[in-house]
Amino acid sequence: MYEEGEITIAECSECGESFPVFVFVADTDMVTVGCLAFTTVDKSIVLAEQLPGESPSSTAARLGPDVHSVSVRYEGEVAPRGLSFQEFRKVYKPATPIYQCIYCGGDSLGLSKMSKEQFLATGEIRVVSRS
């Protein structure tokens, strides 16, 4: 199973809890097909392979009641149409990811990013392969 990625530490604006969010990083999406990342209530990460015909929520349920998929939406302004590439580069601002809190469902913003190796110094990543 593919396991490379980076972690964002998100903090909820409603309940104040923080939690890690794992994002797979690869040269191509093909290597991450079927790979799912979850966050647990004890602030660890679970990487799992999705079984054929299984939904992400079914995979989370199979892994246990404390395992949650972190939903994300993106907010930002759309760049005006008709700009040259040089003009676009001057005005473009990437959309901001807004994560759904695994504790209360509130909006959470990313506080910091870290590599997998940095996270492993303080947190746990469990890998669940098909068997």
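In this talk, a residue is called buried under 20% relative accessible area, exposed over 50%, and partly exposed in between, with a 1.4 Å probe and protein chains only. By that scale, Y92 is partly exposed, at a relative accessible area of 44%.

Good morning, colleagues. The structure above is a predicted model, in which local features need pLDDT of at least 70 and side-chain atom pairs count only at pLDDT 80 or more, while totals for chains, interfaces and linings use all residues. Residues are numbered from 1 along each chain as its sequence is written, and side-chain values use heavy atoms, with hydrogens and water left out.

I begin with the sheet. Strands here are DSSP runs of E with at least two residues, and helices are runs of H or I with at least four, numbered from the N terminus. Two strands pair if DSSP finds at least two bridges between them. An open sheet is formed by 5 strands in the order 2-1-8-7-6, with antiparallel pairing. Strand 2 (18–24) and strand 6 (72–75) each have a single partner strand, so one side of each is left without a neighbour in the sheet. From one strand to the next, the twist averages 40°; axes are lines fitted to C-alpha atoms, for helices over the stretch in contact, and angles run from 0 to 180 degrees between N-to-C directions.

Strand 6 is joined to strand 7 (residues 96–100) by 4 bridges, and the two run antiparallel. Which residue of strand 7 is the bridge partner of E75? That partner is T96. P97 also has its place in strand 7, and is partly exposed at 25%. Setting aside residues up to four places away in sequence, P97 touches V72, R73, Y74, S108 and L109, where contact means heavy atoms within 4.5 Å.

I turn now to charged side chains. Side chains of opposite charge can pair when their charged atoms come close. A salt bridge is counted when a side-chain nitrogen of Lys or Arg lies within 4 Å of a carboxyl oxygen of Asp or Glu. The structure holds 6 of these salt bridges. One of them joins E17 and K43, at 3.2 Å from N to O. E17 lies in the loop between strand 1 (5–12) and strand 2, and K43 in the loop between strand 3 (35–40) and strand 4 (45–49), so the pair ties together parts 26 residues apart in sequence. Another joins R62 and E54, at 2.9 Å. Of these two residues, is E54 buried or exposed? E54 counts as buried, at 15%, whereas R62 is partly exposed at 39%.

Salt bridges with shared partners join R73, E75 and D107 into one network.

Finally, the aromatic rings. Rings of Phe, Tyr and Trp (its six-membered ring) pair if their centres lie within 6.5 Å; planes under 30 degrees apart count as stacked, over 60 as edge-to-face and the rest as tilted. There are 3 aromatic pairs in the structure. F19 and Y103 have ring centres 6.4 Å apart and planes at 70°, so this pair is edge-to-face. F19 lies in strand 2 and Y103 in the loop between strand 7 and strand 8 (107–115), so the pair ties together parts 84 residues apart in sequence. F19 is buried, at 1%, whereas Y103 is partly exposed, at 31%. The rings of F88 and Y92 have centres 5.2 Å apart and planes at 35°, so that pair is tilted. Thank you for your attention.
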